[in-house]
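Reader: I have just opened this structure and would like a friendly tour. Could you walk me through it step by step?

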Amino acid sequence: YLKETLFLTELQEVLEVCEVEKIAPLIHKLFKRIVKCISGSHLQIADRAMCFFENDYFLAILKTYKDTTFPMLVPVISKLADTHWHNILQESLIALKTILKEIDPYAFEEALNMDAIKKKEFRIELDQDERKKLDEKWTKLHQKIKTKNPNYTEPDTPFTPEHIVGSYNEIYAKIYDKEKYVTLQNSLTD
């Protein structure tokens, strides 16, 4: 988490010296990363990402590119403002939700009520079915290579069922589900 926090700090400093018009090609990736950090499970990273919105220059970027930024930000911020587990961060998310509404109420409502096609265009992560399909394509590709080259070995990748790293990991999901199950069982027996 330390590297991510340092990255966010450096990114904010770099953005302050960039011209708003020159960062247009990076807006989608920039806000995707910030939204992922805010919606992530690590509190310090989410808090550091929220600091971006205290910066007037960053808010100017947000306003300039609101056609791209609002559809990415608003659904996630609105959901987290209602459901985040940490009270202080939840209060910050509620304040940010209010700021986004004040910047452009029409764009805010439009971002909340996007149709499925638009949501897919601006989403931050793949859903589980799409991720499984993508993983299956890679598996088929590796199998095809193995048939042509018997000495081929698959490279280590972090997002496979054998590795406990990041989202979309079946092992992690089983552990998490088991943990929830044990917690539920303990609460029922008490």
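Author: Gladly! One term comes first: two residues are in contact when heavy atoms of theirs lie within 4.5 Å. Please keep in mind that this is a predicted model.

Reader: What percentage of the residues is buried?
Author: A residue counts as buried when its relative accessible area is under 20%. The protein has 190 residues, and the buried share is 30%.

Reader: Which residues of helix 6 are buried, and why do they sit on the same side?
Author: Helix 6 covers residues 87-103 and spans 24 Å from its first C-alpha to its last, close to the 24 Å expected. Its buried residues are Leu 89, Gln 90, Leu 93, Leu 96, Lys 97 and Leu 100. They share a side of helix 6 because the arc they cover around the axis is only 115 degrees.

Reader: And which exposed residues are on the face turned away from the buried side of helix 6?
Author: The buried side of helix 6 packs against helix 2, helix 3, helix 4, helix 5 and helix 7. The face turned away from it carries the exposed residues Asn 87, Ile 88, Glu 91 and Glu 102.

Reader: At roughly what angle do the axes of helix 5 and helix 6 cross, and what is the hand of the crossing?
Author: The two axes come within 8 Å and cross at roughly 140 degrees. That angle makes helix 5 oblique to helix 6. As for the hand, the crossing of helix 5 and helix 6 is left-handed.

Reader: Which residues of helix 6 meet helix 5?
Author: Helix 5 brings Phe 70, Leu 73, Val 74, Ile 77, Ser 78, Leu 80, Ala 81, Asp 82 and Thr 83 to this contact.

Reader: Which helices do the buried residues of helix 7 pack against?
Author: In helix 7, the buried residues are Ala 107, Phe 108 and Ala 111. They fall within an arc of 105 degrees seen down the axis, so they line one face of the helix. Pro 105 and Tyr 106 are exposed on the other side of helix 7. The buried residues pack against helix 5 and helix 6.

Reader: Last stop: is Glu 154 buried, partly exposed or exposed?
Author: Glu 154 lies in the loop between helix 9 and helix 10. Leaving aside residues up to four places away in sequence, Glu 154 touches His 142 and Lys 146. Its C-alpha is 9.4 Å from that of Gln 143, 11 residues apart along the chain. Because its relative accessibility is 41%, Glu 154 counts as partly exposed.

Conventions. Residues are numbered from 1 along each chain as its sequence is written. This is a predicted model: local features need pLDDT of at least 70, side-chain atom pairs count only at pLDDT 80 or more; totals for chains, interfaces and linings use all residues. Side-chain values use heavy atoms; hydrogens and water are left out. Helices (H or I, at least four residues) and strands (E, at least two) are DSSP runs, numbered from the N terminus. The expected span of a helix is 1.5 Å times one less than its number of residues. Buried means under 20% relative accessible area, exposed over 50%, partly exposed in between (1.4 Å probe, protein chains only). The arc is that of the directions from the helix axis to the C-beta atoms. Axes are lines fitted to C-alpha atoms, for helices over the stretch in contact, and angles run from 0 to 180 degrees between N-to-C directions. Angles under 35 degrees count as roughly parallel, over 145 as roughly antiparallel, 65 to 115 as roughly perpendicular and the rest as oblique. A crossing is left-handed if the near helix is turned anticlockwise from the far one by less than a right angle, and right-handed if clockwise.
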